[in-house]
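Good morning, colleagues. Please have the sequence and the coordinates open while I speak.

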Amino acid sequence: MTLWPSGARWDRRTAEQLSTEQDAALRSQLEHAVGPSSPFWSARLAELGPTPASLGSAAALAGLPAVGERDLCPDGDPLGAAGLVLHQGEAGYATHASGPALRRALLRRIVAPTSYRAVVEADTRPTSYVFAGLALRYPVASTRADLDLVARAGARLWQVLGLTSADVVVSALPSGSTALVQGLWLAALSSGSPLLAPGDDPVQVLDVLSLVAATALVVPPAGGGDLLRQLADAGAPLSGLRTVLVGGAPDDRERDDLLDAVDGLGGRDVVVLAVHVPDGHRLLWGECRESAGRTGLHSYPDLELLQTVDPGTGDPAGGAPAELVLTQLGLRGSALLRWRTGDAVTAVDSRPCPACGRTVPRVTGTRRGALVPTVVLDGAARPVDLRAVAAVLSTRADVADWAVERGAGGAGLLVRVRAAGGGPDDLASAVAGALRSRAGVPGAQVVLVDRLAGGRGLSPDLWQAR
Ligand SMILES: [Zn+2]
C-alpha cells in the first residue's frame, strides 16, 4: 500500500488534501525542475513574463498558454523535443534536489565518493528513451529515477485494474519503443506479474498462449476484437482469462466490438478494461475493475495535474469535449508542463469514483489523439495537427475570421477565411503556404469568403466524431 506523508492512502485523499499537496508538488516542479532546467520553458517563461514561483497553483497555472508537439518543433524537426529535457549537472542538483534526495547523495559522497555522482546521475541523467508523436515522431527521455516512478505508478495501476502477482499477462501489442509498452513492463515488474510480449503477430501470440496460462491479455483498441476471435477460433487456451486490457483508450465502437468478442468466448467472466497513456506522457492510467470500464481512466494526482483547454483557441475550457492538458509532477528527463495531449475528453472528474470510491481525478470520454485526425491531402492520408492549423490562422493579422472543415465528400481540408485587409492580394495562397510551412499541412483548400456562414473555428466533425 502506498502511503502519503499524513498516512492516508494515495487513492483516498480528500479534495482539500489533494489540492494542497498538488500545489506544493507543482511549486517544487516549477522552481526546482522545469523553471531553471528546461531550455524550452525557461526561454518561454522569460518571454511570457511569469516567474516559476508565481505559477505555483493549479489556478495560476491555468493562465499559462498550453503547448503541444508543434510548439516544441515548429519546423517539424523532432530535435526541438530536446528543449523539454532538463539540464541538471552536479551544481544544479545541489541547488534544486529535494532535501531528502540531497542528504542521501551527500551521505553517499562521504562514504563512497564516486557514488555521489551515481546518485546525481540516477536523478538527472536521461538514460532511457521512448518515442511519441501524433503528427511528428519525437523522443521522450527518462532518468533512472523517472523509471522508478513509472514503476511505482505501475504498481498502483495493477491495484486499479484489480490485477495481482498471481496474474500472468500476455501482451499482443505491437512491439516498439513506446511509453505504453515500457509502462506495462515496469508495472508488471513492480507488481511481480509475469509478462510475455511476443508482438502483434497472432501466430506468435497463439504460441505463447499455449506455453502459459494467461489470466490477462493486452490487445490494441483497433482490431483487438478480431484478434480475440481469431485466437478463440484457433483454439487458444483462454479458459483462465479474466481480464482483457485494451492498450490505448478505445472509442465506443471499438469497445463494443471487444465486448462482443469477449461474449463470444462463451460465458466466462472476463472484464474489458482500458489502459491509456496520453501522447508524450509516461504514466499509464487504467479503468477500475469495479466499474468494468464505465467510470473513466483513473489518474495519479500526486504525479500529474490534469486540465483542459478549448482546442481551437487554447483557452481554458469550460465546456465539453475539450483537449486534455497535462503537467507532470516529479518526472524529470523530458518534463511536461501544460502539455496538449491531443486527446479529446468529456471531463476531468474529481468526484470520488462511484464504482471503487477512489478520490483520484478520472478522465472520462477519452478520444485518443482526436485533435490530430487523419485526413487525405495531396492524395495521401496524413495526420493533421488541428491545433497547429488553428494557431496559424489565429495569429495572422490579415485574417479576421476563419473556419476549418473536411472538404467535399469527407476528403481533404477546406479552410474558409475572411480577410481583415492589409494582407497580400493572394491571401488564399499565402494562407495555404503558411499552413504547409508552419503546420506541416500541405494541400489544404483555402477559399476567401465575405462572411462566414455557419460555424467558426474548427468544425466539430473534424475532431469530435470518430
Ligand atoms: Zn473507480
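Predicted model: local features only at pLDDT ≥ 70, side-chain atom pairs only at ≥ 80, totals over all residues.

The buried residues of helix H13 are Leu386, Arg387, Ala388, Val389, Ala390, Ala391, Val392 and Leu393. Helix H13 spans residues 386-394, and eight of its nine residues are buried, so the helix is largely enclosed by the rest of the structure.

What do the buried residues of H13 pack against? The helices among their partners are H4 (69-72), H14 (427-439) and H15 (460-463). The strands are S12 (339-345), S17 (399-406) and S20 (457-458).

Once neighbours within four places in sequence are set aside, Val389 is in contact with Val384, Val404, Leu435, Ala439 and Val441.

I turn now to the sheets. Strands S17 and S20, both packed against by H13, belong to an open sheet of four strands, ordered S19-S18-S17-S20, with mixed pairing. The edges are taken by S19 (445-448) and S20; each has a single partner strand, so one side of each is left without a neighbour in the sheet. S17 and S20 run parallel and are joined by two bridges, and Ala403 stands opposite Gly457 in S20. Helix H14 lies across S17, S18 (413-419) and S19, and it runs at about 145 degrees to S19.

The loop between S18 and H14 contains Pro424. Is Pro424 buried or exposed? Pro424 counts as exposed, because it has 11 C-beta neighbours inside 10 Å, and the limit for that class is 12 or fewer. From Pro424 to Asp398 the separation is 26 residues in sequence, while their C-alpha atoms are 8.2 Å apart in space.

Strand S12, another partner of H13, sits in an open sheet of three strands, in the order S10-S11-S12, with antiparallel pairing. S10 (304-309) and S12 are the edge strands, each pairing on one side only. On average, neighbouring strands here are turned by 35 degrees against each other, direction ignored. Four bridges join S11 (residues 322-328) to S12 in the antiparallel sense, with Ala322 opposite Val345 in S12.

Two residues call for a check of the backbone torsions. Arg338, in the loop between S11 and S12, has a positive phi of about 45 degrees although it is not a glycine. Asp378, in the loop between S15 (374-377) and S16 (380-383), is likewise not a glycine, and its phi is positive, near 50 degrees.

Finally, the domains. The domain assignment gives domain 1 (15-123), domain 2 (140-364) and domain 3 (374-463). How far apart do the C-alpha centres of domain 2 and domain 3 lie? The distance between these centres is 35 Å. Contact between the two involves four residues of domain 2 and six residues of domain 3. On the domain 2 side, the residues touching domain 3 are two nonpolar, one polar and one charged.

Thank you for your attention.

Technical notes: Residues numbered from 1 in each chain as written. Contact = placed C-beta atoms within 7 Å. Domains from an automatic or database assignment. Nonpolar A, V, L, I, M, F, W, Y, C, P; charged D, E, K, R; others polar. Buried ≥ 20, exposed ≤ 12 C-beta atoms within 10 Å, placed from the backbone. Pairing = 2+ DSSP bridges. Axes fitted to C-alpha atoms, helices over the stretch in contact; angles between N-to-C directions.
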